[in-house]
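Here is a short briefing to read alongside the coordinates. Have the viewer open, and let's walk through some sheets, a helix and a few backbone details.

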Amino acid sequence: SNGLTSDIDCLKSIKDSLDDPFGYLNATWDFNNYTEGFICSFTGVGCWHADENVVLNIQLSDMGLKGQFPRGISGCSGLTGLDLSNNELSGPIPPDISSILPYLTSLKLSSNKFSGEIPKSLANITFLNVLNLDHNHLNVLNLDHNQSTGHIPPGIGLLRRLRTFTVANNLLYGPVPNFLYDISSDSFANNPGLCGKPLEPCKSTSESDTFKKGFVVSYAVSAFLVITTFISSCVPWTQDKKKKSKVPMQFQLHKIQQKKNERKQSQHMKKMPYVEFLHEQSPEISVLVKLVSRLSYTEINEATNYLKQENIIGIGQMGTTYKAVLPNGLLLAVKRLHDTHLFDEHFITELKTLGRLRHENLVPLLGFCIHSKEKLLVYKYMSKGSLYDWLHPEEGEARIMEWPLRVKIAIGAATGLVWLHQGCYFHVFHLAISSKCILLDGNFVPKLSNFGEAMLVKSYGTDSTESFSLNTEFWESSFAKEDVYCFGILLLELITREDPRGMTTYSDTSYEPLNNWVTLLSASSNFYSIVDKSLMGQGFDQEIFQFLKVALDCVQPYPDQRPTMLQLYKKLAAIGKRHGLSTDSEVLTHHGETSTLQRDECNEDEIVEV
Ligand SMILES: Nc1ncnc2c1ncn2[C@@H]1O[C@H](COP(=O)(O)OP(=O)(O)OP(=O)(O)O)[C@@H](O)[C@H]1O
């Protein structure tokens, strides 16, 4: 069966499970007229693409709907926004909501009759930026539970993208969690027992002390999970044989957590349309073929000497990379994905983003191949390998990296990122920048690679679906600044030649090694103690110091304090001028000062439209 039918079944089940007294759903939710994209015209349904039955968001507010939370919504596995506010829905919010709707960015359930607890698992919906639960009866049906229920799960405060959170007019008590962004006191108003910032301080009775202890412990645990997850987003943790003995406890814990996440993800993946999408004979493959050429398995086998061991150039988390030579002499790198569905989504994302982008500072993705269980990605070969390998050579292997070369690489990588962030038709956020995903061609021109976690967002004015414009601010402020943070870490790596994945000696607390490293660098009064010794005394000290300041701006704890990629690029380019590196690059001529562009200013070649 087609994986996409699940979205149709999902909507059917929502319609069946809700009482619709005013007939809003009945009017347009007609399942008899099956065509590609037919569900996209249903009232309140937004799709990823107008001609594909894949639901992006569901908005059914103010319809007088009655019934329980529609569990069948889990079939819409790519759902990012759900608005059921101002209805008469009742019963609990499902405790396992994070596995029903793992990719939500916005959940609006205000002004209904939902009762029971606020599910702890909401804290696992990591992309949430809006959570509105006000005007319900939350926590009225807990009488059979013990007293420790009824509060706002502290983990919710640690959702690092959460900017809007409302629980006013419920029946909640206990301390308000510490939120990363300020949430106004109005959001908590009219609850019988909530306390703590921004409300009145909590009273310290012995009972609440015990409660507090529990709170602190769970807070610390979730803080650990959040921090490690955060770090992992720009510092991919892999088994590093060289440094294995130094891997401290917290990293092992991190790995366990990562494994768990992966497993969880693989369970979601089973429900995702991607898996079906990847079947060799699947008609949807034609969408990918529009982006990059499909190569035959025979061609690849011949070019890689039948995927022989001696052609292997590297093994990463996703797969094994082989060097390949085409009959015409062109050199390729072929990444053969490990035999698992874990990376199906990465595979598709890589093709859908990198596959359609062409820029001097992006590694060209030339083709792909799907052959029974094999999934392969084919890139142009970058003869100098990854920046990571240059900065952290194997023992006994000397790799000189002069300062001007590092400046050139930083500027080139920044150019690529500005171009991605400020693009005309799409804004692309890489979300996993590290020295491992910067490849170097024969002239050490840096090329960004590994777009498996990237987000591609249509720019203003090019897409009429509300969802994108609604979410645009979120992408811009949050994802862009995440790339800037990771880029800051990359700059620190270029300056110190330390491996941020091995930041163990700097850390004396139990977790947060990377943040500690950053704090230590920021506070260091002795600039000379942190800079790569081989760079010192070559006449660049002043400049390296300037670079360091730029890097530290990028890793500011609050995203708002970090520069944009364009501001960052300009600072680096000004420094680079002294090395004769051209600054009149296309970044500035194409993107000017503003971030939003008129369509006619865009370069038609920059993106392959599908
Ligand atoms: N286009 C390419 N040209 C040359 N070498 C490449 C190319 N793509 C990847 N490699 C090499 O293959 C190795 C593995 O790359 P891959 O992207 O799979 O993993 P990674 O980025 O090193 O690590 P991980 O997947 O764990 O984050 C890298 O060390 C890189 O040097």
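Helix H11 is mostly covered, with 17 of its 19 residues buried (buried means under 20% relative accessible area, exposed over 50% and partly exposed in between, with a 1.4 Å probe and protein chains only). This is a predicted model, in which local features need pLDDT of at least 70 and side-chain atom pairs count only at pLDDT 80 or more, while totals for chains, interfaces and linings use all residues. Residues are numbered from 1 along each chain as its sequence is written, and side-chain values use heavy atoms, with hydrogens and water left out.

**Helix H11**

- Helices (H or I, at least four residues) and strands (E, at least two) are DSSP runs numbered from the N terminus.
- H11 covers residues 403-421, and its end C-alpha atoms are 27 Å apart, which agrees with the 27 Å that 19 residues should span at 1.5 Å a residue (the expected span is 1.5 Å times one less than the number of residues).

**The sheet from E13 to E14**

- This open sheet has 6 strands in the order E13-E17-E18-E16-E15-E14, with mixed pairing (two strands pair if DSSP finds at least two bridges between them).
- Strand E13 (293-294) and strand E14 (312-315) are at the edges with a single partner strand each, so one side of each has no neighbour in the sheet.
- E13 and strand E17 (residues 365-371) run parallel and are joined by 2 bridges; Arg 294 has Phe 368 in E17 as its bridge partner.
- Helix H9 (residues 344-353) packs on this sheet, touching strand E16 (331-337), E17 and strand E18 (374-380), and its direction makes about 35° with that of E18.
- Contact here means heavy atoms within 4.5 Å; axes are lines fitted to C-alpha atoms, for helices over the stretch in contact, with angles from 0 to 180 degrees between N-to-C directions.

- Strand E2 (residues 55-59) runs parallel to strand E4 (residues 81-83), with 3 bridges joining them, and Asn 57 stands opposite Gly 81 in E4.

**Backbone details**

- Most residues other than glycine have a negative phi, and most peptide bonds are trans.
- The peptide bond from Lys 197 to Pro 198 is cis, with omega near 5°; Pro 198 sits in the loop between strand E12 (193-195) and helix H4 (206-234).
- Asn 190 has a positive phi, near 55°, and counts as exposed at 57% relative accessibility.
- Arg 497 also has a positive phi, near 60°, but counts as buried at 19% relative accessibility.
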